[in-house]
Amino acid sequence: MGVFTYDYESTSPVAPVRLFKAFTIEAAKVWPTAAPNAVKSVEVEANPSSGNIVKINFVEGLPFQYMKHQIGGHDENNFSYSYSLIEGGPLGDKLEKISYENKFEAAASGGSICKSSMKFYTVGDNVITEDEIEALIKGSEGVYKPVEAYLLANPEACN
């Protein structure tokens with residue numbers, strides 16, 4: 001097994017606290033509403049807390065039917081969270097899991113900077129290329145960008 005790390009940063013006009021809530025505490029409610037062309041439902045085992053499993057079910061016609069995340073932890077004071085993609089989605093037979101550490105920080109010009117560190121755990125001698133990683137990031141924008149647009153259009157959401 002190999003481990004490949006990739007760091008990614010993006011900006012958003014949405015405040016860090018609202019993005020944090022939309023992607024953690026309120027994801028089960030927000031994602032299907034904000035991204036109905038991608039997310040059918042989000043099933044959370046009990047409360048979204050450390051060790052619990054979250055299953056994201058996708059609409060028909062997308063490359064994946066579902067993904068399962070295992071929550072690593074949330075830090076509501078620092079707007080950071082971690083989880084591992086442990087089943088479904090892009091894992092296939094090449095990846096054992098993908099671990100994510102994300103943090104939303106206030107941008108000097110307003111809005112947020114999202115800092116993400118991803119670790120790709122490959123099966124056997126498989127490697128993952130930068131092109132494959134960038135394709136995965138682009139795919140995740142199918143949820144991220146609609147959630148961002150939803151928060152901008154609904155200023156009362158995730159406050």
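The legends below describe close-up views of a predicted model.

Residues are numbered from 1 along each chain as its sequence is written, and side-chain values use heavy atoms, with hydrogens and water left out. Because the model is predicted, local features need pLDDT of at least 70 and side-chain atom pairs count only at pLDDT 80 or more, while totals for chains, interfaces and linings use all residues.

**View 1. The open sheet of seven strands.** The strand order is β1-β7-β6-β5-β4-β3-β2, and the pairing is antiparallel. At the edges are β1 (3–12) and β2 (39–44), each of which pairs on one side only. Neighbouring strands are turned by 20° against each other on average, direction ignored. Strands (E, at least two residues) and helices (H or I, at least four residues) are DSSP runs numbered from the N terminus; two strands pair if DSSP finds at least two bridges between them.

**View 2. Strands β2, β3 and β4.** Five bridges join β2 to β3, and these two strands run antiparallel. Valine 44 has valine 54 of β3 opposite. Strand β3 (residues 53–58) also pairs with β4 (residues 66–75), again in the antiparallel sense and over five bridges. Across this pairing, lysine 55 has lysine 68 of β4 as its bridge partner, and isoleucine 56 stands opposite methionine 67 of β4.

**View 3. Helices α1 and α2 against the sheet.** Helix α1 (residues 16–23) lies across β1, β4, β5 (80–88), β6 (95–106) and β7 (112–122), and runs at about 155° to β6. Helix α2 (residues 27–34) lies across β2 and β3, at about 175° to β2. Axes are lines fitted to C-alpha atoms, for helices over the stretch in contact, and angles run from 0 to 180 degrees between N-to-C directions.

**View 4. The packing of α1 on α2.** The two helices pack at an angle of about 90°, with their axes 7 Å apart. They are therefore roughly perpendicular to each other (angles of 65 to 115 degrees count as roughly perpendicular, under 35 as roughly parallel, over 145 as roughly antiparallel and the rest as oblique). Lys21, Ala22 and Phe23 of α1 make the contact with Ala27, Val30 and Trp31 of α2, where contact means heavy atoms within 4.5 Å. By class, these residues are five nonpolar, no polar and one charged. Ala, Val, Leu, Ile, Met, Phe, Trp, Tyr, Cys and Pro count as nonpolar, Asp, Glu, Lys and Arg as charged, and the others, Gly among them, as polar.

**View 5. The crossing of α2 and α3.** The axes of α2 and α3 come within 9 Å and cross at roughly 95°. That makes α2 roughly perpendicular to α3. From α2, Val30, Trp31, Thr33 and Ala34 meet Val143, Pro146, Val147 and Tyr150 of α3. This contact has seven nonpolar residues, one polar and no charged.

**View 6. The largest pocket.** About 1000 Å³ of space lies in this pocket, and 44 residues line it, of which Trp31, Met67, Tyr83, Ser140 and Val143 lie nearest its centre. Helix α3 (residues 130–153) supplies the largest share of the lining, 10 residues. The lining divides into 32 nonpolar, 10 polar and two charged residues. On a 1 Å grid over the protein atoms alone, a pocket is an open set of points where a 1.4 Å probe fits, with protein on both sides within 12 Å along at least five of seven lines; lining residues have an atom within 4 Å of a point. Grid points are joined across faces, edges and corners, and the volume is the space filled by probe spheres set on the points.

**View 7. Glutamate 26 and glutamate 9.** Glutamate 26 lies in the loop between α1 and α2. Leaving aside its neighbours within four places in sequence, glutamate 26 is in contact with Lys21 and Cys158. Glutamate 9 lies in strand β1; with neighbours within four places in sequence again left aside, glutamate 9 is in contact with Ile113, Cys114 and Lys115.
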